[in-house]
Amino acid sequence: MDTTPNLKLPYIMAAQAQKHVTHNEAIRALDAIVQLTVLDRDLSSPPTSPTEGARYIVGPDATGAWAGQGGRIAAWQDGAWAHYAPVEGWTAWVADEDKLVAWDGASWVIAGGGGANPAPLVGVNTTADTTNRLAVKSDAVLFSHDDVTPGSGDLRIVYNKAAPGMTASFLFQTGYSGRAEIGLTGDDKLHIKTTPDGVTWREAMVIDPATGFCGFGTASPIGGVSVERSSGLQATFVAASPSVANAGGAGMIGYIKETPTVADARLGFLLFGSRRGDANFGDHACGFQGQAQEAWTAGVSHPGYVNVVTTPPGTTARSARWRWEGGGNYRPEADNAYSLGTAAFRVASIWAANGTIQTSDARDKEVVGGLAPFAGALVDAVDPVLFRWKAGGSEVRPHPTDTELDDSGLPVPRMETVTRPGNRTHAGFLAQDLKAAMDAAGCDFAAWGLDDKNDPSSRQWLRPDQIIPVLWAALKETREELKKLASARVNDAS
């Protein structure tokens, strides 16, 4: 054996001439590799003016006198470069980095946790790389407050990016393919995004730092659904209106007031309408509004009521129309102002424990005449009929073939209204017959009317309660005739 097994130092052989040459070569190698300190480990070409004894770890793709020596130790000794191949486990102190590195058999790596502050790469149970400089493979990762120094008891994890257009986020993956992301992605708004395949991303929620608006289902809190928190615990939800040019959105606005102090004070409301740049949703808004039914005292249970709020077409006069009272009654907000149903949209049935109540207080009426002059003529002219309704009822059901997209963009059956013909026979009057009889008798009163007063061809209606007095008057007239006949018969008999 000519050299030592580890450092490869030359032996002085028996009867060797010039033994000092071999000895000096070994001493020079020891001087190069024992207590190894290198000046640099990134250079790929030799420095132009090295000092005697200077050592380097040769960088990759080395050139010149270092060509083909990548990873080896280059030492400037006696005016020339000497190269030494490391053996696994060798360590070296890198002066320009103040780090201890070790040869792992293939490359130089940070040795024994040395230079952990800073450390270019840290891998826990896995290997870090230049993209993922910190890599951890573990069933759980714990970040806890400092109870050793001790610290303040707080814990804050900071994610800092260079500019608004950059990203600072949490990315959640399945099989290394993205599925959800939370953070500042491309701007300074807080985004929550999801994807089914790692390719097509959808905005689930966005919070605008300038306004505090929270957008759902869109990248823009104004163009999608937004939540606006302001004074009085108010929240505004705005949904997009892509079919309307330049529309700011349509949606709802909610409001909660904690301490109502007087009767009729607003407790809260939920309004639906078009924003169109109007923060108060004044464009055809409607919804529900809660009111206090009496002055409230803190800590005491009090009654309240709910109003149905609408805005008539062509106006911005949003106001309460119908009221659910605290006791459970449902009534119009204004007396004698609104109808239940229309000529084209009728209520199928009205069930009540007692009969229909009509206002008949004499203090509410101004008597302008009687029915005697034309009651009999109307009875004679109008014949009651038996009939079946052409539309006996309606059923709302899924269409057998047609579909439409739901709020999630998925196809669902389109709901359709199907009219079924009437089956049962009814007894009643025809509005057109009553109108003809009234015209012939030269009278006009509210037993008959038009759905649209300005359109003579609109649907006609009649009010059975108005016909009862006609029948009553005709019956009285008949009774008077019977009395006269009975009196005449008595006189003839005597």
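1. Tyr56, Trp66, Trp76 and Trp81 form one aromatic cluster in this predicted model, in which local features need pLDDT of at least 70, side-chain atom pairs count only at pLDDT 80 or more, and totals for chains, interfaces and linings use all residues. Residues are numbered from 1 along each chain as its sequence is written, and side-chain values use heavy atoms, with hydrogens and water left out.

2. The whole structure holds 11 aromatic pairs (rings of Phe, Tyr and Trp, the last by its six-membered ring, with centres within 6.5 Å; planes under 30 degrees apart are stacked, over 60 edge-to-face, the rest tilted). The pair of Trp66 and Trp81 is edge-to-face, because the ring centres are 5.3 Å apart and the planes stand at 80 degrees. Trp66 belongs to the loop between β2 (55–57) and β3 (73–77) and Trp81 to strand β4 (residues 80–84), so this pair ties together parts 15 residues apart in sequence. Trp66 is buried at 0% relative accessible area, and Trp81 also counts as buried, at 17% (buried is under 20%, exposed over 50%, partly exposed in between, with a 1.4 Å probe and protein chains only).

3. Trp322 and Tyr338 form a tilted pair, 6.3 Å from centre to centre with 40 degrees between the planes. Trp322 lies in strand β20 (residues 319–324) and Tyr338 in the loop between β21 (330–332) and α2, so parts 16 residues apart in sequence are tied together. Trp322 is buried at 17%, whereas Tyr338 is partly exposed at 31%.

4. Two charged ends sit over rings: Arg323 over Tyr305, 3.8 Å from the ring centre, and Lys435 over Trp448, at 4.4 Å (NZ of Lys or CZ of Arg within 6 Å of the ring centre and within 35 degrees of the ring normal).

5. The protein chain has four helices and 27 strands (DSSP runs numbered from the N terminus: helices H or I of at least four residues, strands E of at least two). An open sheet of mixed pairing has the order β1-β5-β6-β7 (strands pair if DSSP finds at least two bridges between them). β1 (37–38) and β7 (108–110) each have a single partner strand, so one side of each lacks a neighbour in the sheet. Strand β6 (residues 99–103) runs antiparallel to β7, joined by three bridges, and Trp103 stands opposite Trp108 in β7.

6. Helix α4 (residues 464–493) has 30 residues and reaches 43 Å from first to last C-alpha, close to the 44 Å expected (1.5 Å times one less than the number of residues). Ile467, Val470, Ala473 and Ala474 of α4 are buried. The cover over the buried residues of α4 includes α2 (375–381), α3 (431–441) and β27 (460–462).

Definitions and conventions:
Contact = heavy atoms within 4.5 Å.
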